[in-house]
Amino acid sequence: MVFHHFGKYILLLKSVFRKPEKLSIYKDEIFREMVEIGLGSLGIISIISVFIGAVTTVQTAFQLVSDLIPKSVIGGITRDSTILELSPTICSLVLAGKIGSSIASQIGTMRVTEQIDALEIMGINAPGYLILPKVAAGVMMIPMLVIISIFLSITGGYLAGTASGAVTSVEFIQGLTTNFNPFTVTIAMVKAVVFAIIITTVSAYQGFYTNGGALEVGQASTKAVVISCIAILAADYIIAQLLL
Amino acid sequence: MIDIKNIKKNFGENQVLKDISASFKPGVSTLIIGGSGSGKTTLMKCMVGLHEPNMGNVAYDGRDFTSLSFEERIDIRKEIGMLFQSSALFDSMSVEKNILFPLNMFSNMPKSEKRDRVNFVLERVNLAGKNKLYPAELSGGMKKRVGIARAIAMNPKYLFCDEPNSGLDPKTSILIDELIQEITIEYNITTIVVTHDMNSVMGIGEHIIFLHQGQKWWEGSNKQITATYNKELNEFVFATKLMETLLKK
């Protein structure tokens, strides 16, 4: 059963990357999706990022009970855990819920109302027209959201740490700027791109093969979120294992 | 001209279409009728390539459609217009954008010419001036007419209509039937209508194919249909009291 779905998923991806009928129409669709995925998710990503950073700082400070460890370590730990794990992974899990369910229900509704059949009858490559702009927009916008999230998360950590007295401003900035390895940002970007592909394609697959009516569209949407989340966590482990 | 030969279609163990062959002429509306589950819509979907038949072939003016790949089918698909049961209008687009969609995708007409074409087809379906409305703002009959306008925007050679009268009142149904008939004759289109509406059968049924349990059970015209003795056909035709009463009179 799993192999059957995986095979169908690969075949769908093959259709997605066929040569577009008219580039100008695809370009417009990509811009529209970029606004929806990027700007549309900026609010929620900003809010969760600030809190992720704040919680990381406060909890790291709580665990550093030894006087032998300098408080500046808190800044370093917040920076690395935010860049390597928290921003790319938690943001992508949230985006799987927000964007993934939207993609699955949008395409699923088009399927059950015969709009996809109408596209195919016109001679349009429906997977390409419907899915390719979403994948392209996701791959461009999700890494940008992750970068914004990293900055906001570190800012949140700084504010929470200094406001609670867990760490001073100087100590936090010292920790932040000491032993920085730029490769961690590369890993974050690799994760963001892979997660973007997972979110958009898995959700589109669930929507594209919806059968039935409103109930099935809802189920496809739920499945899209659940499978995307599991795939993101699995991919997170594989990337960490391969690149670190 | 469309020719179908020995079409068979199974869904798992269930054989939905059993060896169906027929010819559809240009300038004539062919009605495919039959009870629910008789295979009408499946046959239409096999003809347009939304389902792949397990056996048999479909030829558009001698071009074998079933043996072609997706890319090779595009040229034939550009010559096909289809009106769906649910109208299948793109609900995020206005009426104008719905009709413009295939034109934008496949034609290199200048913008003004495309707009003229949209206005022309909207006028043809008696919806002039409704360009900016969205599908949610249209009645069922208007949606069907926009569906027809979108289907004929590219000057199709073949028009497929899946239950064009479902969910419509009798008066609007007659208007839609008349519109399909007029367009078929005016542009010499090969039109295939899937329906179980006896009003359509009696109104525009110049060529009728009756399906029963996935087989072609009877073929003829509306002039012959009430005069033919065929148990299953008669049961279908005289299922409504209205038909029975009219015939007695």
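The conversation below goes through the chains, the core, the domains and the strands in turn.

User: What kind of model is this?
Analyst: This is a predicted model, in which local features need pLDDT of at least 70, side-chain atom pairs count only at pLDDT 80 or more, and totals for chains, interfaces and linings use all residues. Residues are numbered from 1 along each chain as its sequence is written, while chains are lettered from A and ligands numbered from 1 in the order in which they are written.

User: How many helices and strands does chain A have?
Analyst: Chain A has eight helices and zero strands. Helices here are DSSP runs of H or I with at least four residues, strands are runs of E with at least two, and both are numbered from the N terminus.

User: What box do the C-alpha atoms of chain A fill?
Analyst: Along the principal axes, the box is roughly 70 × 40 × 30 Å.

User: What share of chain A is buried?
Analyst: Of the 244 residues in chain A, 43% are buried. A residue is buried if 20 or more other C-beta atoms lie within 10 Å of its own, exposed if 12 or fewer, and partly exposed in between, with C-beta atoms placed from the backbone.

User: And which contacts does chain A make along its sequence?
Analyst: Taking contacts in chain A between residues at least 6 apart in sequence, 88% join residues at least 24 apart. Two residues are in contact if their C-beta atoms, placed from the backbone, lie within 7 Å.

User: How many residues are in the largest nonpolar core?
Analyst: That core has 121 residues, and those with the most contacts inside it are B:Ile32, B:Leu43, B:Ala149 and B:Phe160. Helix α5 (residues 126-164) of chain A gives the largest share, 14 residues. A nonpolar core is a set of buried Ala, Val, Leu, Ile, Met, Phe, Trp, Tyr and Cys residues joined through C-beta atoms within 7 Å.

User: Why does the core lie between the two domains of chain B?
Analyst: Domain 1 (2-79 + 156-248) and domain 2 (91-155) of chain B both give residues to this core, so it lies between them. The domain bounds come from an automatic or database domain assignment.

User: What does B:Ala149 touch?
Analyst: Leaving aside residues up to four places away in sequence, B:Ala149 touches B:Ile99, B:Val121, B:Leu122, B:Arg124, B:Val125 and B:Leu127.

User: How far apart are the domains of chain B, and what do they share?
Analyst: The C-alpha centres of domain 1 and domain 2 of chain B lie 25 Å apart. Their contact takes 10 residues from domain 1 and 10 residues from domain 2. On the side of domain 1 that touches domain 2, helix α6 (residues 170-186) of chain B gives the most, with four residues.

User: Changing topic, how many residues does each chain give to the contact between chains A and B?
Analyst: The contact takes 14 residues from chain B and 13 residues from chain A. On the chain B side, α2 (70-77), β6 (80-83) and α3 (95-106) each supply at least two residues, and α3(B) gives the most, with three residues. By class, that side has 10 nonpolar, two polar and two charged residues. Ala, Val, Leu, Ile, Met, Phe, Trp, Tyr, Cys and Pro count as nonpolar, Asp, Glu, Lys and Arg as charged, and the others, Gly among them, as polar.

User: Now the strands. In what order do the six strands of the open sheet in chain B come?
Analyst: The order is β6-β7-β8-β3-β9-β10, with mixed pairing. Strands β6 and β10 (215-220) stand at the edges, each with a single partner strand, so one side of each is left without a neighbour in the sheet. Two strands pair if DSSP finds at least two bridges between them.

User: How do β3 and β9 pair?
Analyst: Strand β3 (residues 29-33) and strand β9 (residues 207-212) of chain B pair in the parallel sense over four bridges. B:Ile33 has B:Phe210 in β9(B) as its bridge partner.

User: And β1 with β4?
Analyst: Strand β1(B) and strand β4 (residues 55-60) of chain B run antiparallel and are joined by five bridges. B:Ile4 stands opposite B:Val58 in β4(B).

User: Where does B:Asn6 lie, and what is its phi?
Analyst: B:Asn6 lies in strand β1 (residues 2-11) of chain B. Its phi is near 50 degrees, a positive value in a residue other than glycine. B:Asn6 is partly exposed, with 13 other C-beta atoms within 10 Å.
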